[in-house]
Amino acid sequence: MHLRDSDSDATFRNEVRNWLRASVHEVPPEPDPNDWPARRARDSQWQRMLFDAGYAGINWPAEHGGRGATPTEHLIFLQESAAAKAPDVGVGFVGQMHAGPTIIAEGTDDQKAKHLRGILTGEHSWCQGFSEPGAGSDLASLRTRAVRDGDDYVINGQKIWTSHAMVADYCEMLVRTDPEAPKHKGITWLIVPMDAPGIEVRPLVTAQGSAEFAELFLDEVRVPVHNRVGEENDGWRVANVTLSFERGTGFVGELLDTTNVHAELVRLAHELPHRRGTAWDDDGIRRELAEIAADLDALWAFTKRNVSQGAKGTMAMGSGSAFKVAYASTIHRMGDLALRILDRASLTMDSFDGRPTGDQVLSKLHAFGISLGGGTTQIQQNIIAERVLGLPRER
Amino acid sequence: MDLDPDDDQRALIDMVAAFAADRFDSERARRFAELFDRDAWAELAGLGTFGIALPESVGGVGLATIDEVLVHEALGTALVPGPLVAAALAAGLIDGVLDGTVVPAVLDAPAHGPVVVEHLRDADVLLVVHDDGIDRVDPATLDAVVLARPTDPLTPVSRLAAVPVGERVADAATATRWRQRGSLLASAQLCGNSAGSTALAVRYAAEREQFGRPVGSFQGLKHLLADCWIRTEVARSAVWAAGVTVDEPEVGDVARAIAGARLTAARAATENGKTGIQVHGGMGFTWEVDAHLFLKRAWVLETSFGSIDDAADIVASTLVG
């Protein structure tokens with residue numbers, strides 16, 4: 001086993017680092033999080049630069065316009081991007097991580113020709129219409145209805161937790177096409193243009209106070225049948241094909257961010273007065289900072305294990321779930337500690353005396369996004385207990 | 001980068017696990033409480049267990065630190081008794097340890113508190129690790145008291161009135177290496193221990209029926225056991241990364257990697273050990289079921305080559321403000 005870069009990985013790291021160094025300064029500074037047009041413009045500009053340099057779709061197969069990089073190279077790219085303070089994937093997330101790979105795996109030649117390039121160049125942004133108010137953890141119980149009418153599907157229903165809906169061009173949507181079939185057997189995967197008549201987007205403000213999500217209201221929305229990816233009523237399987245794309249890099253960006261938040265918290269602990277000195281002078285606080293650092297180190301090692309397995313195509317069942325639960329637990333623990341260190345400075349999400357204390361409060365709130373989003377901690381525990389440990393289903 | 005065992009390493013793990021299952025089943029292991037089984041120990045040594053990372057020129061297997069870590073993880077999963085870490089450390093220094101004919105004990109000289117030594121009862125040689133070097137002591141010359149009720153019945157402990165003085169056999173640099181390697185191998189066993197207690201509890205939860213169904217079908221237990229598995233996977237990652245960092249020191253801070261691995265591995269072993277007893281219900285609180293043996297061994301290993309507070313202090317010392 002090795003942790004050092006192979007010769008070819010070292011060469012790749014060097015090449016990426018040099019390109020980032022020369023390129024990052026061309027991107028405008030991060031706009032206000034609620035200024036969606038500015039966010040989209042910045043993310044698209046960066047994506048176009050990545051495309052022109054050959055880094056777009058880094059983990060996509062080369063025959064579909066990607067770079068076809070190895071999972072290890074993908075990890076290196078993300079590490080170097082964070083170190084260079086390059087923009088992250090932003091509004092390109094759903095297209096690059098989910099819709100694009102799904103179309104690669106299951107789409108028709110026409111769908112590939114129409115959509116893949118726009119995702120890679122940053123021209124098109126996507127959102128995801130999977131969850132519904134009545135279908136969260138039990139996603140397969142979704143009820144948004146699509147009825148065939150000639151060459152169209154007519155959609156009625158409601159979606160929720162739709163990130164980037166305000167600026168998306170397309171939505172990857174799961175709809176109910178057979179209400180009589182068992183719940184997993186009556187779902188269809190559709191490409192829905194967001195400018196279709198009958199779609200209403202309402203921002204959904206999070207506990208962090210940002211409008212990161214939206215609700216979609218769908219009233220008689222017509223979508224051509226040729227926008228269907230996969231067969232009718234086979235959408236549950238289609239939605240899950242991207243699981244096989246996962247090579248252990250899914251949470252690298254998160255882990256990089258949180259590692260930075262921890263380093264910032266260490267700095268704050270050294271500066272902020274606390275009882276009889278600074279927070280750092282307190283044995284309990286200092287050791288808790290150390291324990292969290294050890295957890296983050298362990299999660300980095302876990303990531304490298306998963307990426308190593310991903311490179312061999314042998315990612316162990318449950319390792320993604322395990323990583324997510326452990327990471328959620330660590331970031332929650334770090335947030336709890338941050339509030340102790342900040343003490344009364346934690347009463348505002350703004351910076352305090354020029355120190356970035358508000359980021360720590362926001363990070364604590366962000367932890368709920370991790371323990372809830374993409375399958376709650378409790379759902380992941382069920383998955384592990386049943387599929388890894390082999391314990392019987394509850395009913 | 002490749003933090004995933006290759007086929008040879010998997011074969012090594014399987015070999016140790018199969019040997020331990022065959023030769024150190026619970027019944028035989030439990031007999032170590034009364035009498036150290038020198039035949040079993042020699043068999044274990046005969047596998048090359050104590051010389052995994054020693055050069056072949058001195059009779060070792062010539063593998064890397066990470067391979068030794070994998071072996072100790074497997075030993076921990078199987079709850080193999082005896083001075084395993086002491087033997088791995090002493091094999092390169094004391095004749096006869098490698099082939100199991102000489103049984104060593106190691107004392108990491110404490111700065112304060114009682115002087116308690118694991119396995120001194122059965123040891124032919126005691127090695128005392130000081131900041132400035134390692135001393136060799138003949139146990140026969142010591143006025144040691146074997147304590148009647150060791151917390152882990154399979155880890156006999158003796159008390160000494162003071163840290164004994166002996167013949168200096170190694171320098172300060174070796175002493176530092178021993179402490180780090182001792183901590184790492186104990187962490188590897190903690191990691192394996194956490195997997196072993198979990199496997200025992202999962203087996204029980206799948207078989208034990210209450211309310212007309214296996215208790216393992218209830219989410220209340222499922223979530224506890226899933227958390228156990230997760231803690232093991234996280235700890236294993238940290239322990240493996242620490243092992244590789246010893247082999248490739250240019251990739252990170254060795255002291256931090258080892259101390260961090262100790263924190264995650266100790267938590268995995270103690271939390272999983274406690275959960276294992278809880279999942280067994282009343283049976284978990286009996287002497288007969290092995291669940292308590294995992295937890296008690298975890299408590300021993302957790303204090304081995306530094307406490308978890310020491311480990312936290314080492315990690316903290318690497319955090320820059």
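What percentage of the 321 residues of chain B count as buried?

Analyst: This is a predicted model, in which local features need pLDDT of at least 70 and side-chain atom pairs count only at pLDDT 80 or more, while totals for chains, interfaces and linings use all residues. Residues are numbered from 1 along each chain as its sequence is written, and chains are lettered from A, with ligands numbered from 1, in the order in which they are written.

In chain B, 52% of the 321 residues count as buried; a residue is buried if 20 or more other C-beta atoms lie within 10 Å of its own, exposed if 12 or fewer, and partly exposed in between, with C-beta atoms placed from the backbone. The C-alpha atoms of chain B fill a box of roughly 65 × 45 × 40 Å along the principal axes. A compact globule with 321 residues would have a radius of gyration near 20 Å, and the 19 Å of chain B agrees with this; the radius is taken over C-alpha atoms, and the globule rule is 2.2 Å times the number of residues to the power 0.38. Two residues are in contact if their C-beta atoms, placed from the backbone, lie within 7 Å, and among contacts in chain B between residues at least 6 apart in sequence, 68% join residues at least 24 apart.

The secondary structure of chain B comes to 10 helices and nine strands, where helices (H or I, at least four residues) and strands (E, at least two) are DSSP runs numbered from the N terminus. Strand 1, residues 104-108 of chain B, is mostly covered, since four of its five residues are buried. This strand 1 of chain B pairs in the parallel sense with strand 3 (residues 125-130) of chain B over five bridges, pairing being counted if DSSP finds at least two bridges between two strands. One of the bridge partners here is B:Val125 in strand 3 of chain B, which belongs to B:Pro104.

Elsewhere in chain B, three strands form an open sheet in the order 2-6-5 with antiparallel pairing. Strand 2 (115-118) and strand 5 (145-146) of chain B stand at the edges, each with a single partner strand, so one side of each is left without a neighbour in the sheet. Strand 2 of chain B is joined to strand 6 (residues 157-160) of chain B by four bridges in the antiparallel sense, and B:Glu118 stands opposite B:Val157 in strand 6 of chain B.

Chain B also takes part in the largest nonpolar core, whose 199 residues include A:Leu289 and B:Leu225, the members that touch the most others. Such a core is a set of buried Ala, Val, Leu, Ile, Met, Phe, Trp, Tyr and Cys residues joined through C-beta atoms within 7 Å. Helix 7 (residues 219-247) of chain B gives the most to this core, with 16 residues. Leaving aside neighbours within four places in sequence, A:Leu289 is in contact with residues including A:Leu265, B:Ala316 and B:Leu319.

Between the chains, 42 residues of chain B are in contact with 46 residues of chain A, and helix 8 of chain A gives the most to the side of chain A that touches chain B, with 18 residues. That side of chain A has 22 nonpolar, 10 polar and 14 charged residues, where Ala, Val, Leu, Ile, Met, Phe, Trp, Tyr, Cys and Pro count as nonpolar, Asp, Glu, Lys and Arg as charged, and the others, Gly among them, as polar.
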